[in-house]
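Subject: Handover of a structure

Dear colleague,

Please find below the structure that I am handing over to you. My notes on what was found in it follow directly after it.

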Amino acid sequence: MAQHNVSVIGPLRLVLVTAMLGLGVGTAPRDRAESAGARQTPSKEPHVVLIVLDGARPGYFKVSGIPHVRALMNRGSWFKNAFTGILESETPAGHAAISSGSEPRDDGILGFTWANDEGQKVTIFDPAVVRGGLEERLMSGAPTLAGQFHQLDPSARVVALGGYKYYANDALGGPDANVIMYYETRPNGRYAPTFIPGHVPPRSLLTQKSLSAPNAHQPLGTFDHLAMKLAIASFHTLHQQVTLINMPEFDMPLGHVDGGSRDPKDVALLMRDFDRDLASLESAYAKAGVLDRTIFVITADHGMVPIRHQVSYTEVKSAVLRAGTAIIHGNYHSGAYLWVKDKSKLAQAAANVAALQRARIQSVYYRNPDGSYQLAPRPGGQLTPTVDAANQYLLHTFSGPTGPDLVVLFDEGTVGVQPGESAWKGDHGGSDWQSQHIPLLIAGPGVRARHVSSFPARLIDISPTILALAGGSHASMRGVVLADSLQSPPPADVSTEATLRPQLDAVIGALRSESRLESKQK
Ligand SMILES: [Zn+2]
């Protein structure tokens, strides 16, 4: 489905390109940097700027002193019920869902780590692994925004970048992005841009002194600011059609360390810094004469839940051991995802975990041989059918050969804790509403102004909507066009959105009311 124009780049051409860029890299087969610097005339298609405020919550958009964000909201559509609509509600899965318009079961990115069908641990939480191409190989079975844009206009350039979250930036770009950059800390202690092999930027972007800073002792906001500066510098150099940006500091430190909404002062600081950077980016686009042809999307890859209770992973581990099997691999956040050795013991293991007393567990599911999930019986009251159905909707998004064997969904505000994370004040990862609920703002040509949509927009609906606005095809994506936000939506998209609506309304209604109920418990 993803289009790889491998054959058009011969070995001789690659050598020339590499020499031109003055870099000893670029021999990967998917290198598309040959188009960089070539085209001068702007094309008819709109420009796209998609910014992911990592782990940001919708409430952050209510702070004062963000006039440029506010202006975009006024001339665009705001989705007050937007949610990730996937599990795990984690960074790599969220970014892959945005760019592929597809669920984790389609694009293969379940989270940071999981176990494959042979029980071996797979991780993309390692720059060497991502640089080696694993994340893009996993994604190669799904479409991407970059790939669909190239179908529309083969000379269009797509640039993905951000801060140090290589796994986020690589997922945003995917195999077909022309340039993918991220920040690394160099041996001299400088935090500076680098790139994913096969997606080489012009050398000047890597060497500009103003795009790097010492890594140590930087005030909050420095790394987000550098990400936006890199975006603007890239636009000056490459005039790319599509810019995809990850802003890391809303998640870390603001979310995890400071508890996100628990720290209104830092929320305001990061939002106001972002507003200033957005203004600089808009002015670069205005100077280039393309601002009024630019689609802006501002969203988050997941939410952030302030932590009220922690459950030690050892409690969960012993409950599984008592069933006569062991955990091969586990992720513990506001949901716990476990891969278990002996699949014949799953029902018992799930029942043991569900029976844990002090653990504030909302529900436990185990995997059936066909990949679907079964709710484990719980002593002292069962889950309501509507919450079970909402959970099942989310669980289905990662069902498949590598889906977790056991899923533990904690009460709102409760998280599973693994070593090194016990000081965290905020987390995400599960089906809890505060992890699921995200901001989503779309503005630009063809988008309704001053529109507040109550449609439960999902991460997978973002790329289809951008493609609909740009005149591209989203047929290979699972997400739908957010037709209610378009000025002249195609009738087919209006009816698809309307057909889907009752199911999604029921999902978010159940997640919300369950969250309220659980939050009242002491
Ligand atoms: Zn994230």
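Two remarks on the source come before the details. The model is predicted, and for this reason local features need pLDDT of at least 70 and side-chain atom pairs count only at pLDDT 80 or more, while totals for chains, interfaces and linings use all residues. Residues are numbered from 1 along each chain as its sequence is written, and side-chain values use heavy atoms, with hydrogens and water left out.

For comparison, the ideal angle at a metal with four tetrahedral donors is 109.5 degrees.

The pair D54 and D301 links distant parts of the chain, 247 residues apart. D54 is in the loop between β1 (47–53) and α2 (67–74), and D301 is in the loop between β10 (294–299) and β11 (305–306). In these names, helices (H or I, at least four residues) and strands (E, at least two) are DSSP runs, numbered from the N terminus. Both D54 and D301 are buried; buried means under 20% relative accessible area, exposed over 50%, and partly exposed in between, with a 1.4 Å probe and protein chains only.

After α3 comes G101, whose phi is positive, near 60°.

The axes of α3 and helix α8 (residues 166–173) come within 7 Å and cross at roughly 15°. Axes are lines fitted to C-alpha atoms, for helices over the stretch in contact, and angles run from 0 to 180 degrees between N-to-C directions. The two helices α3 and α8 are therefore roughly parallel to each other. Angles under 35 degrees count as roughly parallel, over 145 as roughly antiparallel, 65 to 115 as roughly perpendicular and the rest as oblique. The crossing of α3 and α8 is right-handed; a crossing is right-handed if the near helix is turned clockwise from the far one by less than a right angle, and left-handed if anticlockwise. On the side of α3, the contact (heavy atoms within 4.5 Å) is made by T91, P92, H95, A96, I98 and S99. On the side of α8, Y167, A168, A171 and L172 take part.

Helix α15 (residues 385–396) and helix α18 (residues 491–520) pack at an angle of about 115°, and their axes are 8 Å apart. That makes α15 roughly perpendicular to α18. Here the crossing is left-handed. Residues in the contact include A390 and Y393 of α15 and V507 and L511 of α18.

**Buried residues elsewhere**

A146 is placed in helix α7 (residues 145–152). Is A146 buried or exposed? At 0% relative accessibility, A146 counts as buried. Leaving aside residues up to four places away in sequence, A146 touches V158, G173, D176 and A177.

In helix α14 (residues 346–354), the buried residues include L346, A350 and V353. Their cover includes α13 (313–321), β14 (335–340), β15 (361–367) and β17 (406–410).

**Backbone details**

The peptide bond from L87 to E88 is cis, with omega near -10°, and E88 lies in the loop between β2 (76–79) and α3 (91–100). The bond from M252 to P253 is also cis, with omega near 15°; P253 lies in helix α11 (residues 251–255).

H217 has a positive phi, near 55°, in a residue other than glycine. H217 is exposed, with a relative accessible area of 80%.

Yours sincerely
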